[in-house]
Amino acid sequence: MHEAHPASPLIEGNKTYRQVTDEVFRPTESKPPRAWFIAIAITLSMLSLGGWAIFNTLTKGIGTWGLNKTVGWAFDITNFVFWVGIGHAGTLISAILFLFRQHWRTSINRAAEAMTIFAVMCAGLFPIIHMGRPWVGHWALPLPNTRGPLWVNFRSPLLWDVFAISTYFIVSAVFWYIGLVPDLATQRDRAPEGSTKKRILSILSLGWNGSNRRWTRYETVYGLLAGLATPLVVSVHTIVSWDFATSVIPGWHATLFPPYFVAGAVFSGFAMVLSLMIVARKVMDFEEYITKAHLEAMAKVLLLTGMIVSFAYATEFFIAWYSGNPYERYVFLNRATGPFKWAFWAMFTCNVVTPHFLWSKKVRTTPWILFILSIFVNIGMWFERFVIIVTSLHRDYLPSSWTNYTPTFNEAATFIGTFGLFLTLFLLFCRVLPMIAASEVKGVLKNGDH
Amino acid sequence: MRFWKSIHSKKTPNQRQDEFPEELPVGEPKVGEAVRHLSRRDFFRWSGLGFAVSLATGCDTKKSEKALALLQGQEGQVPGTDLWYSTTCPGCSAGCGAVAKVRDGRPIKLEGNPEDSLSHGGLCPVGQAQVRSLYDGGRLRTPIMADHEAHWADLDRDLVSRFADTKGGNVRVLSGSLGPSQRRAVQAFLGGFKDGKHVTYDALSQSALAEAYERTHGQRLVPAYQLAKADLIVAVEADFLGSWLNPAGFGREYASRRNADAHMSRHIQVESVMTLAGSNADERIRVAPSEAAAFLEHLCSAIEGGTPIRVLDANGKKKAHEIAEALKEHQGRCLVLCGMNDVHAQIFTARLNKALGNEGNTVELARPSLQKQGDDAAVRALIAEMAAGQVDALVVLGANPAYELSAFGFKEAYAKVKLRVALSTMPDETAFASTHVAPDHHGLEAWRDAEPVKGRYRVSQPLLNPLFGTRDASESLLLWAGAPTTAQAWVKSTFALFTSGKTVGFASWDELLQKGGVDLDLPASAPIYKEDRSRTQSEWAALKAESAEYELRLYAKGGIQEGRDAFNPWLQELPDPITKITWDNYAQLSPATAERMKLAQGDVVRLKAKGLADLVLPVVIQPGLHDKAVGVALGYGRTHAGKHGTGVGGDAYPWLGADRHALEVSPTPQKVELACTQDHHNMEGRELVREFALAGYLKDPASARPIDGGVGSPVQPSMYTPHPKGPHHWAMVIDLSKCSGCSSCVIACQAENNIPVVGKDEVRRKREMHWMRIDRYYTGNEQDPQVVHQPLMCQQCDNAPCENVCPVVATVHSEEGLNQQVYNRCVGTRYCANNCPYKTRRFNWFNYDHEDVVERLVLNPDVTVRSRGVMEKCSFCIQRIQLSKATAKNEGRELKDGELKTACQQSCPGMAIVFGDLLDPNSDVAKALSDPKRYQVLGELGVAPAVNYLSKIRNVESAAPASGGHHA
């Protein structure tokens, strides 16, 4: 394994430890600027809109959505898969890159993990509200009950989802929290004596005192958790893909789905990290911590996973043709030329064409271009899920049942609402907790050498 | 009346007890409804008195005539069990014998009576939907006088004095085709006036048919057609499977000759619009509406000789000659039908049937049909009289002329009649235009009778006490005539008159009620052909051959028919068997015409003709329509048809008689979305409906067997252990050659399984709830396609894709091969529906309306009413399976094959559905499964459906490839 970026330092500006501490903790210790309040006002409005939409759904029924007898899932599961996908980058960055000793991860892992947790929260909302009767949603959990041997269906991929998502959420949250402990202690130490903040942080930092023994234990736990989280990175989206792959619906029923979905998830997750980091490093003055080298590294991941995704698209079409299965062939023809061709071509443009701009180093190191490209990838990956779900369902086996799908305002509002939740939580995170893992960054100062 | 509730009701002693005098006392007590506190002593005092009174009055032995829902069960009666009563379907004048399932005093399902010699157990969608009409919350509940609710006593007093004042005047009764008792009642009523006359009309008039026989045979009659005896049926503009005369009875007879064997009948349809009958034809010939009569004339000439007066194009001539040759080959065993209300067309038809020797064979004149007694000329004369102010009183009975006779100017003329009495069941257009409304019972609440065919006497008995303050129309008429009697006594006396001096063949009135009717062997002689041909020829020659760019063709749909049941939401939401559109009528145009006019489906057009108000309707592009024809369904656009029927579609009745008239079609900028349940009409080369030509099939039946590995191949090896097997394995076979697509099963299923109505907007969103649907595909050329109908419900797969994906085990496999949906357990993820290759699962998007206290009485208590958020689907009528198994067990015997019928199977006029136990090698279903035509839809998926199909066989030499015939 080669060293990441041997030529350029991971943290620019020749910072001292003191400087790092001051700069990283500054946002948590000062009054937020006006722009922050404006931003959170917008995201809270989005969240309220989503709250209204969900209330509407819960009180009236799933009929408030645009679904019909043939298309039983659309925005709901599209958004679910989209957010789970977003949630992929965090654990990948913190766990897999940690195990591979990719030190450049230190600047972004905290925020990426936070993003993961928030994204999984958004994702987890959809399986609950998409149910016809969410008030009995707990029946999807293997809870002991008084109804005799009434248990959950272990053959159902939806049940696997329940386990996969909840496990992923718990492990990600614990991993994130453990990683936070040294910084929480620093934050505690900097908090004014006797303040409520200090008391809370004292509890949260679990009595951390920075001793060697603590560090040893910490490193062990962190390594173990990274090992635990690593298979989850692969398993979560594999299982999500099984929701489709184990069905009989042409366009869903494909053995390709697990690797294809995992690659897609990493692709979308990195795109979202890029989008957020490019903005955050600018407005929070972290350009020396999250350097262009970081952005370039992420852009390279984007290019690679984008090409894997493109390859998967090509494979799907090839197999549809090669299988000779008329239903399969029709579904793929219909994807590219049917009533939802606009969605397909939007997906194609965003996911297949966009990454190839990243061959240019200039593009990879120009934040504003990267930002635009990452947004395109986010849009493309949302459309990918929409295309897979809706175009496969709306014209399956019996032409008599073919229908179209048009989303309602309620569905769009729900989706906007999850963005509201995600961004609100992220904005709060930026001002409450250290966005950069200060303790880890200190370890990679001076060109990344320990 | 011995009991009275208040001074008010005491003062109106004739007031009927209304079961729902006001809203039921549910929920919060009303304001001002004080709760009285009763002391303990008072309580015992009153209850003691109540007990004594009930003892004293309970000893009355007088036989009650009321069919009351029992509060306390009788000895021997088990609550929650069904009682079946025979009756006659009140849906139309076909008078199909029916049996009604009565549960705890409420009829909840109407089924064809298998012992009926006319319908043989089939019942059409309208008949199936009658229970819903019965419980319509919008029905008339009290008499109405001068636009105000009135008491019967006041109404009667007022009417009796008014009728007394007009003793010497002109009194008319206008009605639809009535049964014998009601006809007698009308006569008895009119007898009291100096000039009383009974005029009958039919909204879907066949007056010209009767008139034609008057001119050719000297007797006004509608023949009774015997489709079962016909080897060759040539139907011209006659939708005998959908809306013409007696679709259920015809359907059964027709299907009895549609077995794929040497006796299979051949059916040629000549028509301008695509009708249900036309969609089943072996050969279908498109003619312009104005050409149909000429086509018949050419047929006549080709058979009888002579030169036709009218000209047909080369293709029409060729076809007419081909058909004439075919008819000649089947002398005495063929049948020519004509549904046009055009006297010349009907004369040609009568001549053809005469010349071909069909009279006495397939065309029964000695014992004719009495279904359509309407006489258009008499109606015209009546309306002229009314308009001239010469009618003093008009009583309308069992009809809605204010809506249906708008082309004759009824409404304007009606206003000139001083005393206008309507005996309606619904607050319809006529009721609103009348001075007095005496609400009639619904047919299922009343003593009625029918004689749909001469000598075939049918009786209907009330199945429940009238829900509202209504009174039987016969009772009203007889009361006003000063000879009050009960409807029961009246029908009894009719029956006595009917059978006096004849051998009836059974002992008692009770036995008649049990059987539902009796066929009397009346001595009869057929009228002899004696047409004044020169008169016909000169009249026909004098008629201008009117041909125009666009010609209007009015037709009736199988569900809504003439529009009398437009208030019935089941029928409104029933997809039209051809267009699959619900809740609307529309202007049908052929694909070529629409393309020429640059019109798309849903574009709104304005139909214009001289002297008529414009008709604005959305366009429906209908393959198989003649390029000149503009097809518009009657029965829509009603102004007073309750909360469901009012304002649905456009009213084409003013255009009646303008049939075939030139009209102008002009586009408007508007566009509407039609509520259609099927948007895609092409099988896309998929082998969903297999179709073969009879000739080839008979030569080599095995050729129809699906190729191994293809459709219907055996189940592939599985890594899972098979489901545990029980004593039964339920399976179904549907014969596509016998299914006409009439959709009776759809309504039967709706009634049986409490399927909600979702409304037009929800159907537009593709959320109809029908468990049973009929897929209709076109094959071949778009201009002149062939049609196939495929009933589809849950296929009860043995390897059901829905079962393994449910996270909460809400859909499970029974050991009897059923795929069971557990509503209580369902959390509504909809994954099962997504994973169903047949898309037969239905989701409750909202809580659907079952709140109306009257309308919910139609619900079948054996079937759960589903709440929002759960999935539902066909259960193979599991409640019937369980009941039959329990009955067999209680009687200590095995379940017999055929004793258990699903609702769809029972309703099917064509007997296309066979259901039973696969494990019984002698069962009908097991036998049907070994038919070489058997295949499974999407069998190649390995889901092992329990529903199998028999390929459609058309009686042709070589089949047009239906589904492309092979995999693409």
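Domain bounds come from an automatic or database domain assignment. For chain B of this predicted model, that assignment gives four entries. Domain 1 of chain B is made of two segments, 144-202 and 377-517. Domain 2 of chain B covers 207-369. Domain 3 of chain B covers 546-676, and domain 4 of chain B covers 691-954.

Domains 2 and 4 of chain B touch each other. Their C-alpha centres lie 36 Å apart. The contact joins 16 residues of domain 2 of chain B to 17 residues of domain 4 of chain B. On the domain 2 side, helix H8 (247-256) and helix H9 (276-280) of chain B each supply at least two residues. H8(B) gives the most to this side, with five residues. By class, the domain 2 side holds eight nonpolar, four polar and four charged residues.

Confidence was examined for the complex and for each chain. The predictor assigns the complex an ipTM of 0.91 and a pTM of 0.88. Chain A has a mean pLDDT of 89, with 97% of its residues at 70 or more. Chain B averages a pLDDT of 86, and 90% of the residues score at least 70. Within chain B, confidence is lowest in helix H1 (residues 7-11), at a mean of 43. Confidence in chain B is highest in strand E35 (residues 871-872), at 95. The pLDDT is below 50 over residues 709-713 of chain B. Beyond near neighbours in sequence, that stretch has 16 contacts in the model. The pLDDT also stays under 50 over residues 961-968 of chain B. For residues 961-968 of chain B, the model has 18 contacts beyond four places in sequence. In chain A, the pLDDT stays under 50 over residues 1-7. Residues 1-7 of chain A have eight contacts beyond four places in sequence.

The two chains meet in a contact that takes 39 residues from chain A and 44 residues from chain B. The chain B side divides into 20 nonpolar, 13 polar and 11 charged residues.

Helix packing was then examined in chain A. Helix H3 (residues 75-86) of chain A packs on helix H15 (residues 409-432) of chain A at an angle of about 15°, and their axes are 10 Å apart. The angle makes H3(A) roughly parallel to H15(A). The crossing of H3(A) past H15(A) is right-handed. From H3(A), Phe75(A), Asn79(A) and Trp83(A) take part. They meet Glu411(A), Phe415(A) and Thr418(A) of H15(A). The contact of H3(A) with H15(A) consists of three nonpolar, two polar and one charged residues.

H3(A) also packs on helix H5 (residues 109-129) of chain A, at an angle of about 155° and with the axes 8 Å apart. Angles over 145 degrees count as roughly antiparallel. H3(A) and H5(A) are therefore roughly antiparallel to each other. Their crossing is left-handed. H3(A) contributes Asp76(A), Ile77(A), Asn79(A), Phe80(A), Trp83(A), Val84(A) and Ile86(A). H5(A) contributes Ala119(A), Val120(A), Cys122(A), Ala123(A), Phe126(A) and Pro127(A). By class, the contact of H3(A) with H5(A) has 11 nonpolar, one polar and one charged residues.

H4(A) passes H6(A) in a left-handed crossing. On H4(A), the contact is made by Gly90(A), Thr91(A), Ser94(A) and Ala95(A). On H6(A), Ser172(A), Phe175(A) and Gly179(A) take part. The contact of H4(A) with H6(A) has two nonpolar and five polar residues, and no charged residues.

Key
Residues are numbered from 1 along each chain as its sequence is written. Chains are lettered from A and ligands numbered from 1 in the order in which they are written. This is a predicted model: local features need pLDDT of at least 70, side-chain atom pairs count only at pLDDT 80 or more; totals for chains, interfaces and linings use all residues. Two residues are in contact if their C-beta atoms, placed from the backbone, lie within 7 Å. Ala, Val, Leu, Ile, Met, Phe, Trp, Tyr, Cys and Pro count as nonpolar, Asp, Glu, Lys and Arg as charged, and the others, Gly among them, as polar. pLDDT is the predictor's confidence in each residue, from 0 to 100. Helices (H or I, at least four residues) and strands (E, at least two) are DSSP runs, numbered from the N terminus. Axes are lines fitted to C-alpha atoms, for helices over the stretch in contact, and angles run from 0 to 180 degrees between N-to-C directions. Angles under 35 degrees count as roughly parallel, over 145 as roughly antiparallel, 65 to 115 as roughly perpendicular and the rest as oblique. A crossing is left-handed if the near helix is turned anticlockwise from the far one by less than a right angle, and right-handed if clockwise.
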